[in-house]
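Grab a pencil and work through these exercises one at a time. Try each task before you read its solution.

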Amino acid sequence: MRLPARFRNQLPLRCGACHWRTLISALSLTLLSAALAAFADEGAGSGGVASPRLAAIQSRGRLICGTNGQLPGFSVLEPDGRYEGLDVDLCRALAAVVLGDAAKLELRPVSTNDRFASLASGEVDVLSRNTTLSLTRDAPGGNAISFAPITYYDAGGVMAPRREGVRSLAGLAGRTVCVVSGSTNEAVMADRMRLLGLAYTPLRFQNADQTFSAYQSGRCSAVTSDRAGLAARRSLFPDPQAHELLPETLSKEPMAMATQQADPVWSDAVRWIVYAVMQAEEWGITRANVATRLKEARANPDAAELRRFFGVEGDLGRQLGLPDDFTYRAVAAVGNYGEIIDRNVGLRSSLRLERGLNQLWSRGGLIVAPPFR
Amino acid sequence: MADTINALSNETIPWWRNRRVIPLLVQAVVALVVLIMIAFLLGNLVRNLTAAGLLLSWRWLNQPAGFDISETVLPFNAGLPYWRALLAGLVNTIRAVLVGLVGATVLGTLAGMASFSRNGLLRGIARVYVELIRNIPLLLQLVFWYFVVFLSLPNGTAAIQLPGLVLAKSGLYLAGFADGLRWVGPQLVNDVWQAPLRLSVEFGALLTGLIVYSGAFIAEVVRGGVAAVPKGQWEAAASLGISWITTLRTIVLPQALRVIVPGLNTQYISLAKNSSLAVAVGYTDLYSVAETTLNQTGRAVEVYLLLLSAYLVLDLFISVLMNGVNHLVQIKER
């Protein structure tokens with residue numbers, strides 16, 4: 001039907017086909033985006049030996065490590081603006097191995113409650129944040145986290161000011177106890193007090209700074225946390241002698257670095273970098289002598305164990321998706337496990353904690369690296 | 001010419017060019033596309049959550065929470081399930097919001113009225129209050145009230161004691177009826193204050209912060225509402241010899257309320273949302289319980305969905321109430 005020109009403008013629908021055009025373009029756009037999304041899914045789903053996380057770190061040129069930032073000895077901001085501590089040194093070892101430079105590291109402070117979400121969302125590559133290994137956190141139906149070897153065996157404890165006259169857990173009946181909400185300590189305290197049939201008032205804070213501020217200002221009669229953490233905090237008080245740890249050990253708190261379960265290759269890499277610094281201590285390889293020890297290994301074809309460890313022979317590193325000299329890189333950057341402990345939490349640090357369980361298996365502790373073969 | 005027009009009107013128009021059909025058709029197709037998109041996105045979400053092992057599951061709600069909550073209205077212990085813990089947190093949030101709303105309204109109205117008082121000192125104080133408070137972030141104010149003001153209170157025997165009332169670092173203790181209608185005042189037992197009615201300093205700090213902060217905004221809403229009433233109303237009342245306070249109460253405020261109520265609604269909703277900052281001062285509200293729940297169960301998506309819907313429902317409820325109030329204060333045209 002062809003209309004005379006002067007009628008065309010009088011019809012409200014000037015262009016009948018326009019609607020179809022809009023519709024068709026809208027539909028095709030939808031289909032296109034659907035197809036693209038489906039395609040992207042297929043791409044992400046492809047499995048294999050390669051680690052997407054490792055590739056992402058390398059293309060980014062920076063390792064992102066989620067850390068506490070408020071816990072002396074483990075990760076704390078020093079006056080010069082650098083983070084220091086056991087957790088931080090382990091991150092440095094990872095960066096040194098993966099990127100060849102311990103300084104190519106971004107330490108991102110994450111709260112107790114955000115840590116698992118930041119790991120699950122991929123915001124951080126690895127969590128090195130005095131995190132206790134527990135079943136729920138490890139289980140695929142729980143937080144679905146893959147834990148690296150335990151790097152610090154701690155125990156839950158309670159600290160109270162001496163003047164409060166609290167000598168044991170029983171003395172906390174009817175009193176207020178400060179806790180960091182969401183910590184294992186919170187749940188452990190609740191369990192233990194329930195078992196003892198003691199009523200108490202938990203005062204829950206979001207982070208350690210708030211918790212210990214409230215404790216120091218006398219709002220609560222006691223504070224519960226990990227023993228190393230309590231000792232670390234106490235060392236910062238103006239009057240450390242006025243506070244004492246109660247004799248009871250509330251819980252085992254084994255701490256480990258954590259990665260996403262979704263990337264087992266990356267998890268394995270982290271695991272064996274931790275084992276490498278532990279093995280280095282066992283063999284007396286230190287930050288100072290690692291270069292000489294490597295030379296020795298190169299020169300001596302009979303030192304097979306050491307040659308394998310340093311990647312002079314074999315392909316241990318490559319099997320993990322890492323450079324063959326990964327053990328050398330880790331130890332050269334931060335030293336062996338004993339050096340890391342001594343420097344940050346041990347007798348040479350301000351925390352002055354005995355090594356206790358965190359001693360090598362060969363010296364009566366629990367630290368053991370499986371064979372490098 | 002006439003033939004052409006006749007032919008045009010008589011010709012049956014095919015449905016795809018019918019002016020009544022086309023818009024319906026377009027809307028139907030758009031609705032279909034939107035539905036397909038939503039279905040696709042939801043499907044994608046479920047598929048990816050399944051792949052990540054995070055498929056929505058609500059079984060954890062019935063598992064024992066395993067952590068304690070102080071200051072609950074509903075009885076709670078660590079053996080009760082997570083949903084009871086979340087409920088206890090929600091009740092704590094509602095408690096803070098309700099008291100906060102009343103307090104902020106009273107304080108805001110007083111400050112708003114003071115800001116156009118004829119007393120210069122009163123006016124000045126109201127201005128300083130509003131400008132000081134609304135230009136400082138709420139979180140900072142809460143931390144100030146808690147750590148600087150409330151935690152500086154003395155404890156034990158040194159606590160501030162008035163008849164039937166004790167204000168100590170551990171909380172506000174009020175006299176009340178206890179076991180069998182016996183009037184009991186606060187007592188110091190074993191160096192710990194005991195009383196029938198106890199409010200923690202955490203609750204006190206949160207309330208003070210919320211009331212003072214929201215009060216400043218409400219004062220501005222009230223001032224704006226009163227300023228919107230024509231000056232002639234004041235002058236007419238004055239010429240009839242009606243006192244300032246009576247003018248305000250019976251002539252100006254009823255007219256100003258029409259302007260005030262919608263603004264008040266916004267402030268009330270803000271207050272309800274701001275209550276989630278309680279976590280900074282150790283008050284166990286819904287957000288605080290939800291965070292611990294999330295940490296223990298690892299069900300981030302579910303916990304956040306619950307949290308989002310709880311605050312949404314709370315705010316929508318406040319809005320509905322305020323819309324009712326708004327309807328009441330509208331000019332009734334008869």
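**Exercise 1.** Work out how helices α6 and α8 of chain B run relative to one another.

*Solution.* Start with the two stretches: α6(B) covers residues 201–227 and α8(B) covers residues 244–274. Helices here are DSSP runs (H or I, at least four residues) and strands are too (E, at least two), numbered from the N terminus. Next, take the axes, which come within 8 Å and cross at roughly 155°. These axes are lines fitted to C-alpha atoms over the stretch in contact, with angles from 0 to 180 degrees between N-to-C directions. That makes α6(B) roughly antiparallel to α8(B), a label used for angles over 145 degrees. Finally, the crossing is right-handed, meaning that the near helix is turned clockwise from the far one by less than a right angle.

A word on the source: this is a predicted model, where local features need pLDDT of at least 70 and side-chain atom pairs count only at pLDDT 80 or more, while totals for chains, interfaces and linings use all residues. Residues are numbered from 1 along each chain as its sequence is written, and chains are lettered from A and ligands numbered from 1 in the order in which they are written.

**Exercise 2.** Find residues that bring these two helices together, and sort them by class.

*Solution.* Count a contact when two C-beta atoms, placed from the backbone, lie within 7 Å. On the α6(B) side you'll find, among others, B:Leu210, B:Phe217 and B:Val221. The α8(B) side includes B:Val252, B:Ile260 and B:Leu264. Sorted, the contact has 13 nonpolar, seven polar and no charged residues. Here Ala, Val, Leu, Ile, Met, Phe, Trp, Tyr, Cys and Pro count as nonpolar, Asp, Glu, Lys and Arg as charged, and the others, Gly among them, as polar.

**Exercise 3.** Describe the side of chain B that touches chain A.

*Solution.* First the tally: 36 residues of chain B are in contact with 44 residues of chain A. Then the elements: α2 (21–51) and α9 (286–297) of chain B each give two or more residues. Of the elements, α2(B) gives the most, with eight residues. By class, this side of chain B has 17 nonpolar, 14 polar and five charged residues.

Notes: Angles under 35 degrees count as roughly parallel, over 145 as roughly antiparallel, 65 to 115 as roughly perpendicular and the rest as oblique.
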